[in-house]
Amino acid sequence: MRLRLFNTLTRSLEPFEPLEHGRAGVYACGPTIYDHAHVGNFRSFVFYDLVHRYLEWKGYDVRFVMNLTDVDDKTIRAAVAEGKTISEYTEPFAQAILEEADALGIRRADRYPRATAYVDEMIALVERLLEKGHAYRTDDGSVFFDITSFPEYGKLSRKNLDEARRGERVSEDEYGKDDVRDFALWKASKPEDREAGAAWPAPWGEGRPGWHLECSAMSLAEVGETLDIHLGGEDLVFPHHEDEIAQSEGATGKPFVRYWLHVRHLRFADEKMSKSRGNTVTVQDLLEQGVDPAALRHQLLSAHYRSELAFGREGLEGSGRAVQRLIDFRDRVEEVHTDPSAAISGIGGKAEEALERFEGALADDLNVPGGLGALFSFVSEGNGILDRKGDRVPPEEAERVLEVLGSMDEVLGLLEVAGQSRTVDAETRHWIEDRIGEREEARRSKDFSRADAIRDELAERGIVLEDSSRGTRWKHVGTRPLVG
RNA sequence: GGCGCCGUGGCCAAGUGGUAAGGCAGAGGACUGCAAAUCCUCGAUCCCCGGUUCGAAUCCGGGCGGCGCCUCCA
């Protein structure tokens, strides 16, 4: 099945054809690291990861780069307030974000370039734009992009800036540009910039790069002149990505991006958790509160990336249960009694059908909810078959089911993350098994109140017992249930 | 004001012309010492009104309601 993607540039679904067959160059707009990333940011990062995983799953040789913006107004202000340089200030946030990304099963990008490490490249890019007449210098040593020099300006966001803004006065605005619609490539230094170590020498004067410039420079340096896919949040369409196009295409004369993908923002379903209300919910907060990372990942994947996602406690609970259902099924198949002489049960065939549906959904503009539907339909069918067959199937069928589940999880990463967060060390394992032994004794002597007490004791630690004719098995159901 | 999006069972959420995937929650049943897990059964006039069509949640028009972007927020 051929992948089709919704390209923001054309506002339509297009078959994915990378510039070079079998290879995919992807650049994702990462966070500004002046604070902890919140769940909304991570909706994007998890989606980026999905793109990354999907392309690798389909066999592409993927070059995946996500930037970390470590210089901008907020960063400088915050660093100065704490008496730090921007790198001292931002680095802990960069580390935190990468750790949280690990916790959520986000595959590492090939590179995480910091803007401040690419100032030379950015200066070179500005020089090219000046040479080509796309940019101009102002008296204070700033450089602006001249929008009128790039007739296609507005093609991504479909804005007609002529009418919208022309009448406005060139304001008292910070750097004195010719036209309000122009955007900064280079901002002349201010005292606080120097204080924070955010000032670099350039041919036209000391200053710091404009926001948009870094992405053009870093994607050019790390991926190439033409990106196959550029990812970002919906808010970045304008002006950020519009400006990137102007800069990059203005400088190289080549198409900047073949497919633009934008992730819709999430909406907080219950509490007012949005950052703008000063009530940030960071991933760090959630993990510290005991939210299961696999549940979080599931919820962030539960809506199509171009739809608004309702994020909230209730959804997280539901996601946790859904993930557990998946784990239980996988474990059940792993423990199934394989019997070479057993008749074909049909579970292998159902797995095959599910994989096909899954692939079809993902190929259709990365429809993860559709893919999850295929997966969970199969879980139901599979459980039904195993019930009817008494958990006895031919080995090749059991293997095939596990292969299919594993294959889907290469894209979804749910079992993978659940595995990370549910590990139990050997000592605890022994303790659990001892307790189960005690409980077995109690049950044999019909001392059910004692047996139930032991079961409750384990449950408080997230260990759930399941009795069956073959004995008692236990499982770790992840982090503690949510409070409040 | 400009551009754009959305409104599917209690909640979340696929489906964009052929008569409604999936998850969570809920009810009943099977299994269990009781549970847990699992299975079976049950639940949707797809916001409203018109229109196009043999046929619409899906296309068109109107209405009501919610939301995003319009210079540094993923």
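**Figure 1. Surroundings of T252 in the predicted model.** Leaving aside neighbours within four places in sequence, T252 is in contact with R128, K132, L220 and E225. The model shown here and in the following views is predicted. T252 belongs to helix α8, which covers residues 237–252. With a relative accessible area of 14%, T252 is classed as buried, because the cut-off for a buried residue is under 20%. A polar atom of the T252 side chain is placed 3.0 Å from the backbone nitrogen of K254.

**Figure 2. Overview of chain A.** Chain A contains 17 helices and 16 strands. Taken along the principal axes, the C-alpha atoms of chain A fill a box of roughly 90 × 50 × 35 Å. Of its 484 residues, 54% count as buried. Among contacts between residues at least 6 apart in sequence, 77% join residues at least 24 apart.

**Figure 3. Y54 in helix α1.** Helix α1 spans residues 39–57 and includes Y54. The relative accessible area of Y54 is 2%, and the residue is therefore buried. When residues up to four places away in sequence are not counted, Y54 touches L3, L362, A363 and L366. One of these partners, L362, is also among the residues of α12 that meet α13. The C-alpha atom of Y54 is separated by 41 Å from that of G133, a residue 79 positions apart from Y54 along the chain.

**Figure 4. Packing of helices α12 and α13.** Helix α12 (residues 347–363) packs against α13 at an angle of about 170°, and the two axes are 7 Å apart. The two helices are therefore roughly antiparallel to each other, since angles over 145 degrees are placed in that class. The residues of this contact divide into 11 nonpolar, 5 polar and 3 charged. From α12, the contributing residues are I347, K350, A351, A354, R357, F358, A361 and L362. They meet V368, G370, G371, G373, A374, S377, F378, E381, G382, I385 and L386 of α13.

**Figure 5. F378 within helix α13.** F378 is found in helix α13. Its relative accessible area is 0%, so F378 is buried. Not counting residues up to four places away in sequence, F378 touches F329, I347, K350, A351, A354, V401 and L405. Among these partners, I347, K350, A351 and A354 are residues of α12 that take part in the contact with α13. Between the C-alpha atoms of F378 and D456, which are 78 residues apart along the chain, the separation is 32 Å.

**Figure 6. The protein surface near RNA strand B.** Of the 62 residues around RNA strand B, K74, V180, K187, G233 and L236 come nearest. Sugar and phosphate make up 58% of the RNA strand B atoms that come within 4 Å of the protein.

Figure 7. The D452 side chain places an N or O atom 2.8 Å from a base nitrogen of RNA strand B.

Definitions and conventions: Residues numbered from 1 in each chain as written. Chains lettered and ligands numbered in written order. Predicted model: local features only at pLDDT ≥ 70, side-chain atom pairs only at ≥ 80, totals over all residues. Heavy atoms only, no water. Near = heavy atom within 4 Å. Polar contact = N/O pair within 3.5 Å; in protein donor to acceptor, adjacent residues only side chain to side chain. Helix = DSSP H or I, 4+ residues; strand = E, 2+ residues; numbered from the N terminus. Buried < 20%, exposed > 50% of the residue type's maximum accessible area, 1.4 Å probe, protein only. Contact = heavy atoms within 4.5 Å. Axes fitted to C-alpha atoms, helices over the stretch in contact; angles between N-to-C directions. Parallel < 35°, antiparallel > 145°, perpendicular 65-115°, else oblique. Nonpolar A, V, L, I, M, F, W, Y, C, P; charged D, E, K, R; others polar.
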